[in-house]
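Hi,

Here is the structure I promised to pass on.

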Amino acid sequence: MRLPWFTALVHGPSMAPTLRHGDRIFVRRVGTARPGDVVVGCFRSRPGLLVVKRVARAEAGGWWLTGDNPFGSDDSEVYGPADVIGRVTFRWWPQPVRLRRGAA
């Protein structure tokens, strides 16, 4: 049985300043999202690579994902559409913070 949630560790600077390398996040499994949501996804061109990105828009049956850091993010500009695995609900370490929908 798969639980409806999981935890993940953020790697890299692509979501700074919202999330930083080493942050631990709590993720609720969902198959859909809305623009502005921070999600865990998988690019169709890179199966097996899980990423933490922000939803920009729906795109060709998938989602266009972008990083918050324009100088340190490989996102849908490079890899194309992605599938959403879950929505990040809060960061639980190093300091608990609830994530809210932001600007896409």
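**The pocket**

E4 gives the largest share of the lining of the largest pocket, four residues. Before I go on, please note that this is a predicted model, so local features need pLDDT of at least 70 and side-chain atom pairs count only at pLDDT 80 or more, while totals for chains, interfaces and linings use all residues. Residues are numbered from 1 along each chain as its sequence is written, and side-chain values use heavy atoms, with hydrogens and water left out.

The names of elements are simple: helices (H or I, at least four residues) and strands (E, at least two) are DSSP runs, numbered from the N terminus. A pocket here is an open set of points on a 1 Å grid over the protein atoms alone, where a 1.4 Å probe fits, with protein on both sides within 12 Å along at least five of seven lines; lining residues have an atom within 4 Å of a point.

The largest pocket has a volume of about 320 Å³ (the space filled by probe spheres set on the points, which are joined across faces, edges and corners). Its lining has 20 residues, and those closest to the centre are His11, Leu49, Leu50, Val51 and Val52. Two or more lining residues come from each of strand E1 (5-9), strand E3 (38-43) and strand E4 (50-59). By class, the lining has 13 nonpolar, five polar and two charged residues (Ala, Val, Leu, Ile, Met, Phe, Trp, Tyr, Cys and Pro count as nonpolar, Asp, Glu, Lys and Arg as charged, and the others, Gly among them, as polar).

**Salt bridges**

How many salt bridges are there? The count comes to four, taking a salt bridge as a side-chain nitrogen of Lys or Arg within 4 Å of a carboxyl oxygen of Asp or Glu. I'll go through some of them.

Arg91 pairs with Asp23, with the closest N and O atoms 3.7 Å apart. This pair links distant parts of the chain, as Arg91 is in strand E6 and Asp23 is in the loop between E1 and E2, 68 residues apart. Both Arg91 and Asp23 are buried (buried means under 20% relative accessible area, exposed over 50%, partly exposed in between, with a 1.4 Å probe and protein chains only).

Asp68 and Arg54 form another salt bridge, at 2.8 Å between the closest N and O atoms. Here too distant parts of the chain are linked: Asp68 sits in the loop between E5 and helix H1 (76-79), Arg54 in strand E4, 14 residues apart. Asp68 is partly exposed because its relative accessibility is 22%, whereas Arg54, at 7%, counts as buried.

Glu59 and Arg57 also form a salt bridge, their closest N and O atoms being 3.0 Å apart. Glu59 is partly exposed at 25% relative accessibility, and Arg57 is partly exposed at 39%.

**Backbone details**

Two peptide bonds are worth a look. Ala16 and Pro17 are joined by a cis peptide bond with omega of about 10°, and Pro17 lies in the loop between E1 and strand E2 (24-29). The bond from Trp93 to Pro94 is cis, with omega near 15°; Pro94 is in the loop between strand E6 (82-93) and strand E7 (97-98).

Ala60 is not a glycine, yet it has a positive phi of about 45°. Ala60 lies in the loop between E4 and strand E5 (62-66) and is exposed, with a relative accessible area of 66%.

Cheers
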